[in-house]
Amino acid sequence: MGVDMPLRYSDVTPRRTYMNRRRFLASAPLAAGALAAPFAVRAETKIGNYTKSPFSTDEKPTPYQGVTTYNNYYEFGTGKDEPVKNARNYRTSPWKVSIEGEVGKPKVLDLDAVMKLAPLEERIYRHRCVEGWSFVIPWIGFPLNALLKQVEPTAKAKYVAFQSYYDPKQMISSREARIDFPYLEGLRIDEAMHPLTLISVGLYGEILPPQNGAPLRLTVPWKYGYKSAKSLVKIRLVEKQPPTTWNIAWPEAYGFYSNVNPKVDHPTHSQATEDRLGSGIFGEHIRTRMFNGYDQVASLYAGMDLHKYH
């Protein structure tokens with residue numbers, strides 16, 4: 001089903017919920033790492049044999065508890081505190097991901113095969129969400145380009161389309177979420193091949209919790225958070241720009257590129273500043289940087305009008 005009307009900012013993050021939750025996350029117990037939320041069960045399986053990546057920021061990571069209890073995952077609820085509760089019994093095994101389309105060697109891989117594609121790295125990335133808040137997260141994963149090289153993209157492959165898992169028996173309906181499922185995202189091929197673009201399989205040295213996109217997700221640190229599709233089941237290389245979920249729902253607010261750009265406002269609010277969760281009683285209020293501070297991607301957009309192509 002389609003969305004009947006543009007979503008308001010209050011539909012995406014009700015202000016009262018946002019402010020109360022932000023104060024909760026940034027409180028002293030969380031900052032000290034001692035918060036005991038009833039549904040914040042840490043992953044039981046540690047990930048071994050990964051290296052520290054030079055792509056990491058030296059900024060202090062947001063506490064684990066905040067990253068795993070304050071989530072956007074509309075398939076498990078539109079409130080930030082709902083996914084951690086509603087995804088507790090999410091089944092992620094067995095799992096397969098299909099890589100297809102304009103490729104020479106299409107593949108269907110299970111998780112064991114995915115984990116063997118490339119050495120795992122820990123990358124501490126900044127993340128900026130369109131609602132105005134940000135995290136610093138130590139992901140475990142490998143560059144997406146390692147997977148794409150396996151399937152040998154053809155000359156016609158100009159974009160990469162991503163599809164998330166959707167099961168109406170485990171997840172809420174499109175009508176409840178007011179966006180279409182399954183969730184769709186996309187990148188230009190050069191964005192997908194950039195070494196910063198990550199396939200994440202864990203965080204904080206552990207396997208991904210369900211509410212953070214288990215068992216594998218896209219992570220694109222210079223774009224707003226909704227571009228990093230969760231629970232991937234299909235990756236398709238295509239010739240034309242693919243449809244993406246939030247661009248379908250509200251194109252004036254959510255462009256295809258969705259690069260972090262403090263000069264391009266959301267229709268309901270400025271993007272010039274952000275609240276870094278987990279720092280101080282109300283969160284640290286900081287200036288947002290172009291491309292979220294990842295200047296090494298600027299050359300990808302040379303000559304583009306980044307107001308028009310937001």
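E191 is buried because its relative accessibility is 0%, where buried means under 20% relative accessible area, exposed over 50% and partly exposed in between (1.4 Å probe, protein chains only). This is a predicted model, in which local features need pLDDT of at least 70 and side-chain atom pairs count only at pLDDT 80 or more, while totals for chains, interfaces and linings use all residues. Residues are numbered from 1 along each chain as its sequence is written, and side-chain values use heavy atoms, with hydrogens and water left out.

E191 lies in helix 9 (residues 189-193); helices (H or I, at least four residues) and strands (E, at least two) are DSSP runs, numbered from the N terminus. The E191 side chain makes a polar contact with the side chain of Y301 at 2.5 Å, a polar contact being a pair of N or O atoms within 3.5 Å of which, within protein, one must be able to donate a hydrogen and the other to accept it, and residues adjacent in sequence count only if both atoms are side-chain atoms.

## Helix 7

In helix 7 (residues 144-151), 6 of the 8 residues are buried, namely L144, N145, A146, L147, L148 and V151. Just after helix 7, E152 takes a positive phi of about 55°.

## Backbone features in loops

The peptide bond from F181 to P182 is cis, with omega near 0°, and P182 sits in the loop between helix 8 (174-177) and strand 7 (184-188). S231, which is not a glycine, has a positive phi of about 45° and is buried, with a relative accessible area of 0%.
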